[in-house]
Amino acid sequence: MAYSSSPQRLLHLLSLILLLFAFCSISESSQFCDAGFGYGESCGVSSSSSTKLLIKGGTVVNAHEMEVADVYVEDGIIVAVRPNIKVGDDVTVLEATGKFVMPGGIDPHTHLDMEFMGSGTIDDFFSGQAAALAGGTTMHIDFVIPVNGSLLSGLEAYEKKSKKSCMDYGFHMAITKWDEVVSKEMEIMVNEKGINSFKFFMAYKGSFMINDELLLQAFKKCKSLGALAMVHAENGDAVYEGQRRMIELGITGPEGHALSRPPVLEGEATARAIKLAGFVNTPLYVVHVMSIDAMEEISKARKSGLKVIGEPVVSGLVLNDSWLWDPDFITAAKYVMSPPIRAAGHGKALQAALSMGTLQLVGTDHCTFNSTQKALGIDDFQKIPNGVNGSHRNGIEERMHLVWDTMVESGQISVTDYVRVTSTECARIFNIYPRKGAIRAGSDADIIILNPNSSFEISAKSHHSRSDTNVYEGWRGKGKVEVTISGGRVVWLNDELKVFPGSGKYVEMRPFSYLFNGIGKADAKYLSSLKAPVKRFRATT
């Protein structure tokens, strides 16, 4: 085809480019639609679906009470919770008789779209959140990793990553080095950016790990800001020695990972962090509690009156380390995480601690790598990216079902306790309750309908994560999330997921949660108990 002028050729070329772009966009949307992921209107589902919902006849469950009632939702907010609510024809009605109506789950511990150990997690803020919604989790709190130690640069990167979010989310901030610049940036995070928690690594010698001197300074800073200090508790120096020991013994496979960082090293670091936080008198949150050793240190601290929160993760509750000895590398590598999954017996003890309140809430540490990425460590367990598809790992979709099946169906916790450990306590700790974590007038309409008589089965073929494996493969249980409502929109119904990128909101979290109540009085009591300085008189000659 010939044109008489150059502008015409440019116009034709531009048209072709726009046509190709449109085709690619439609193709991508179609792929997600076919997989059960809805990209808004491109899947035949309006992103501005009915803003009025009535959930009728269900048993409404909060952390401390349950009642048969209707729940009326308008414009993403719960307007009323009471029996026999009458509505007009413009309201979408969901029947929930014989089912539980609960706050959507809040996952306190995730790593979406994160670079780690020379690789990157395969779930981003869209695929990871979509998987979460299919499993009944309606909010998560992700860890921002600093860029070259800079908190501001790290946050900027994560703000870009999270633009494709399809559900609400918040941020913790990891601290990977310590100096005055970091200290000042922490103030900005708390006062301007809605971040009220900071994570410190006692492990990963040579990269993220900080020593006790810096940990003390960091704890003092957290206390002054009303921010919650969080720790990954493993003795990094001893783990480094354990790794050297395994290599010297010729143990290079996945089992070497667990053998190099035994429970005693998790227990030691947990005890040390607790004592340092107690010395500063600031609350402490211990992430991914995986062993009896760590759990017992938390129990002892709480009995003595210290404000310590213990977070088990799903994999630690329900799995054991036997798979790490599987002769097939890919199978064994799926179970590599830090701290490691422990031997049989630890999980049962963690379940009991959760039921008794020694541990307070359940996370996932969702940090998903696929089998190809795991194969990077085929000759050296130290190079295996840490993360199964269940907890450093992939449990963001499975958490709600596995906690129900393991804890409620077994009679270890009540239905109200289930709401507490999967949603409400997280909302309280991170100061977003009752906006989140409650079914009450004025709360966000993040709601699930769970059928206790329905069953579920977990499989990599049907899960919504991008992972090609699932460490819970074949798990069958009772208690299924049949409906998920996020921000007043029905996003999971009849086993179909209808979500679109950009619909999620960033939730700012204020400092000075309930954990800081009484801290000032305790400090004053401590000062008055010192009976110092003593006024002494010097003899004169």
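Buried means under 20% relative accessible area, exposed over 50% and partly exposed in between (1.4 Å probe, protein chains only). Helices (H or I, at least four residues) and strands (E, at least two) are DSSP runs, numbered from the N terminus. This is a predicted model, in which local features need pLDDT of at least 70 and side-chain atom pairs count only at pLDDT 80 or more, while totals for chains, interfaces and linings use all residues. Residues are numbered from 1 along each chain as its sequence is written, and side-chain values use heavy atoms, with hydrogens and water left out.

**View A. Overview of the protein.** The protein has 16 helices and 18 strands. Of its 541 residues, 57% are buried. Contact, here and below, means heavy atoms within 4.5 Å. Among contacts between residues at least 6 apart in sequence, 77% join residues at least 24 apart.

**View B. Helix H2 (residues 127–134) and its cover.** Helix H2 is mostly covered, with 8 of its 8 residues buried. These are Ser 127, Gly 128, Gln 129, Ala 130, Ala 131, Ala 132, Leu 133 and Ala 134. The cover over the buried residues of H2 includes strands E9 (137–144), E10 (168–175), E16 (476–486), E17 (489–493) and E18 (496–497). Gly 136, which follows H2, has a positive phi near 95°.

**View C. His 172 in strand E10.** With a relative accessible area of 0%, His 172 is buried. A polar contact is a pair of N or O atoms within 3.5 Å; within protein, one must be able to donate a hydrogen and the other to accept it, and residues adjacent in sequence count only if both atoms are side-chain atoms. The side chain of His 172 reaches the backbone oxygen of Pro 108 at 2.7 Å. Leaving aside residues up to four places away in sequence, His 172 touches Pro 108, Ile 141, Asp 142, Phe 143, Val 144, Ile 195, Ser 197, Met 230 and Phe 430. The C-alpha atoms of His 172 and His 109 are 8.8 Å apart, and 63 residues separate the two in sequence.

**View D. Helix H8 (residues 263–280) from end to end.** The expected span of a helix is 1.5 Å times one less than its number of residues. The 18 residues of H8 should therefore span 26 Å, and the end C-alpha atoms are 26 Å apart, in agreement. Buried residues of H8 are Leu 265, Glu 266, Gly 267, Ala 269, Thr 270, Ala 271, Ala 273, Ile 274, Leu 276, Ala 277 and Val 280. Just after H8, Asn 281 takes a positive phi of about 65°.

**View E. Gly 253 between two helices.** Gly 253 is found in the loop that joins helix H6 (236–248) to helix H7 (254–260). Gly 253 is buried, at a relative accessible area of 14%. Its C-alpha atom is separated by 8.3 Å from that of Ala 333, 80 residues apart along the chain.

**View F. The crossing of helices H14 (residues 399–408) and H15.** Axes are lines fitted to C-alpha atoms, for helices over the stretch in contact, and angles run from 0 to 180 degrees between N-to-C directions. The axes of H14 and H15 come within 11 Å and cross at roughly 140°. Angles under 35 degrees count as roughly parallel, over 145 as roughly antiparallel, 65 to 115 as roughly perpendicular and the rest as oblique. H14 and H15 are therefore oblique to each other. In H14, Arg 399, Met 400, Val 403, Trp 404 and Val 408 meet Val 415, Tyr 418, Val 421 and Thr 422 of H15.

**View G. Ser 423 in helix H15 (residues 415–429).** Ser 423 counts as buried, at 0% relative accessibility. Its side chain reaches the backbone oxygen of Gly 104 at 2.9 Å. Not counting residues up to four places away in sequence, Ser 423 touches Pro 103, Gly 104, Gly 105, Ile 106 and Gly 437.

View H. Most residues other than glycine have a negative phi, and most peptide bonds are trans. Asn 431, although not a glycine, has a positive phi of about 65°. It lies in the loop between H15 and strand E15 and counts as buried at 14% relative accessibility. In the loop between H15 and E15 (447–457) is also Pro 434, which a cis peptide bond joins to Tyr 433, with omega about 5°. Asn 494, in the loop between E17 and E18, has a positive phi near 55°. Asn 494 is exposed, with a relative accessible area of 64%. The peptide bond from Ala 532 to Pro 533 is cis, with omega near 0°, and Pro 533 lies in the segment after helix H16 (519–529).
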